[in-house]
Amino acid sequence: MEDYVVDVRGLWTQFGDNVVHRDIDLSVRYGEIMSLVGGSGSGKTTMLRQMIGLERPTRGEVRVFGVSLHGDDAAGLRQIRHRWGMLFQEGALFSALTVFDNVALPMRELRLLDEGLIHDLVMMKLDMVGIELRHASKMPAELSGGMVKRIALARALALEPELLFLDEPTAGLDPDRSESFVSLIKELHLELHLTVVMVTHDLDTLVALSDRVAVLCDQRLEIVGTLDEVVSDTHPFICNFFMGERGRRALEAVKAVKDIVSMT
Amino acid sequence: MAHPAMDALPPPEVRLVTAPGRVRCFVVSGAWNLRGLERRLAGLKPRLAEYTSDTGAAWDLREVEVLDHAGAMVLWRAWGGRRIPNLTLKPEHESVFKHLDIAPATAPRNGARDPFWIVVAIGQKVLSALDHLATMVMVLGQVVLDAVYLIRRPRRIPWREISSNVYRTGTQALGITALVGFLVGVVLSYLSAQQLKIFGADAFIVNILGISIVRELGPVLAAILIAGRSGSSITAQLGVMRVTQELDAMEVMGIPQTLRLILPKMLALAISMPLIVLWTNAIALIGGMVSAQAELGIGYSYFLSSLPNSVPIANLWLGLGKGVVFGFMIALVACHFGLRIEPNTESLGIGTTNSVVTSITVVIIVDAIFAIMFKDIGIS
C-alpha cells in the first residue's frame, strides 16, 4: 500500500560535471504541507520538476501515489496526472485561450462532464481564487501578474487534485493578495485534505503554511522537520535564512500570534 | 491526518430509504469526488434528476466518505442551484457547499453580431494594411537616419552583429540553396531539352538555362528560400525578445533598437543575398549542365565556353542587383513584423506566418517591377 504521496529515493541530479542533488531521500505524507527551501541554484525548482515528471533525475526514483514517474507504467502515470495540480511560477496560462477556457480545459479533456457543469465549476473555482467573473472572457495577456497567478491556481485546482505543487506561489503578489493566497491554500487544505508541496522564498508564506520544511543546501537535504526543528539547526545557511533580519521578523510574528492564542 | 486510499472507497451512490411514519429520505453515500464520479456519473445523472423532482423528501449526506467541489456541484445542480431545505451532512462538508452558493447562473456570452460586420471587417483590414505601410515606412526612415549617423561616426558601426548575421543568413543557407538550385537546374534543363530536341535546336539549351537562371530563377529562388528561412527566424527572434521584455530592457538602457537589431540584419541580408544568388546560379547551372549532357550529349566544355556568349553580362549584374534589393526587403518586412508582435504566443505565430507570406509576396512584386524596368537590358 502507498505510504507517502511523494516518495523520493536516492535522487541524484547532474548537469555535466555539476552535481545539483547528491543522494536525496524525501517523503511527503498524506495531507501535509511540505515546503522546499534552499538558496538560489540549490535545485529546488529542479526537484519540483522531477517530482511532477517534467525532468528526469540522473539517478534515483520518484514515486507519486505509489507510481514510479520514470517507470513504464503508462496507465498509472495517466491516472496520477489527473490527481495532481501544478501552479507554475509564471502561471503558464495558455495565452491563446480565455481565462474561462484555461480553467475549463482540463475538465473538458476529461470528456466526462457536460458543458453546464463545467461552466458552474469554472465559475466557482474563479470565485474561490478571488477573480471577478467579468474577467472570465479576457485573454491572459490583458491581466496583471497577480491575476494570472490566481487563475493559474484555479486551473491547477480544476480537476480537484489531491496533491498540489506550488512553485513560488506568492512571488509577485502584493502583501494583501499573498495573505489571501495563504488563507486560500489553508482553507483548501482543510476542506479537501490536499497534500501540498511548495517551493518558496517568502518567509511569511513558509511560516504560515508549512507543516514540515525541507532545506536543500550543499547538494543535500540538510534537514526535514517542523519549522521549530529546522530553525534550531545550526547549519550556516539555515541560520542566515531564518535568523536574518527578515527571518526573525517572520518568526516573531508567528510567535506573537501563538502567544495571543494561548493567552486567550 | 490519514488519507484513505482512493481505490478502497465505495463508489458514489444515492438510494431511497423509506421508513414508516417518517419522511422519504434520499441517502447519498460513497466517494463523491471527481475520481469516484468518473465511472458512475452517466448512470447517476438520470436517477438524480428523478429523485430531485420529489420536492418533499429529505437528503442525508452523512454517509458520504469524500466530497469535493465537483461532487458537490453535481448535487447542487440536481437541486436546481440551491440548497435543499431538508439536508443533513457531515460538518466538515459544510464548507464545501459554501463556495457553491456564489456560482452565478449566467454564462459570460459574447455580444450579438453587428449587422454591419462585413463593412467593419473590410474597413479594419484596410486600416490595418495602411497601418502596416505607415509603420514600415517609419522603420525604413529610422534605418536611413541610423545609416546617416553611422556614416558620420564609422567607429560605431555594429560590425559584430553584421558579421554574425551574414554567417547566419548567408553561410548557413548554402546547403539548402545548393540542393534546391541543383534540382531546379536539372528539371529545367531536362524539360527544355525535350522541347529543343523536336526542333533540333540542341545548342540553345545554353541560352535558355543561362538567361532564365541568371536573370530570373536564381535570384527569385534564393530570395524565396531566404525569406522562408531567415525572414521567419528574424521575426521570431524579435518577437521572443518582445515576449521576454528584452526589447523593453534595450529601450530603457537607451540602446537604439533599429541601430543594433534592425540595421545589422538589413545590411547583412543585403550583403549575403547577392552572394547566395551567385551561389544558387552556379549550382543551378551545374545541375542544368549535367542534365543537358545526359539528355542532349552537350559536353561540359562546350556548355561553359558558350555560356558567356549567349548570356550578356548585364543579366548577371541585374540578378545580383535584384539580390541586394530582395535581401533588403526581406529583412525590412521580417523586422517590421517582428517588432509588431505582442507578448503572447498566438501573436508570435500569426506574426511569423504573416512575415513569411508578406516577404515572399514582396519579393515577387519587386521582381515584376524589375522585369518591366529592365526589359530592354541584357536580352539581345
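Me: Why is B:Ile118 called partly exposed?

Reply: This is a predicted model, and its values are computed. B:Ile118 has a relative accessible area of 48%. Buried means under 20% and exposed means over 50%, with partly exposed in between. B:Ile118 is therefore partly exposed.

Me: Where is B:Ile118 placed?

Reply: B:Ile118 is in helix H5 of chain B, residues 117–152.

Me: What makes A:Cys217 buried or exposed?

Reply: The relative accessible area of A:Cys217 is 8%. The cut-off for buried is under 20%, so A:Cys217 counts as buried.

Me: And why is B:Cys25 given its label, buried or exposed?

Reply: B:Cys25 has a relative accessible area of 15%. That is under 20%, so B:Cys25 is buried.

Me: How many disulfides are there over all chains?

Reply: The count is zero. The rule asks for a pair of cysteine sulfur atoms within 2.5 Å.

Me: What makes B:Lys45 and A:Asp114 a salt bridge?

Reply: Their closest N and O atoms are 2.5 Å apart. The rule asks for a Lys or Arg side-chain nitrogen within 4 Å of an Asp or Glu carboxyl oxygen. The pair therefore qualifies. Three salt bridges are found across the interface of chain A and chain B.

Me: How much area do chain A and chain B bury between them?

Reply: About 3100 Å², with 64% of it on carbon and sulfur atoms. A:Leu112, A:Met124 and A:Glu191 supply 17% of the area that chain A buries against chain B. The contact takes 34 residues from chain A and 31 residues from chain B.

Technical notes: Residues numbered from 1 in each chain as written. Chains lettered and ligands numbered in written order. Predicted model: local features only at pLDDT ≥ 70, side-chain atom pairs only at ≥ 80, totals over all residues. Heavy atoms only, no water. Buried < 20%, exposed > 50% of the residue type's maximum accessible area, 1.4 Å probe, protein only. Helix = DSSP H or I, 4+ residues; strand = E, 2+ residues; numbered from the N terminus. Contact = heavy atoms within 4.5 Å. Buried area = accessible area lost by both parts, 1.4 Å probe.
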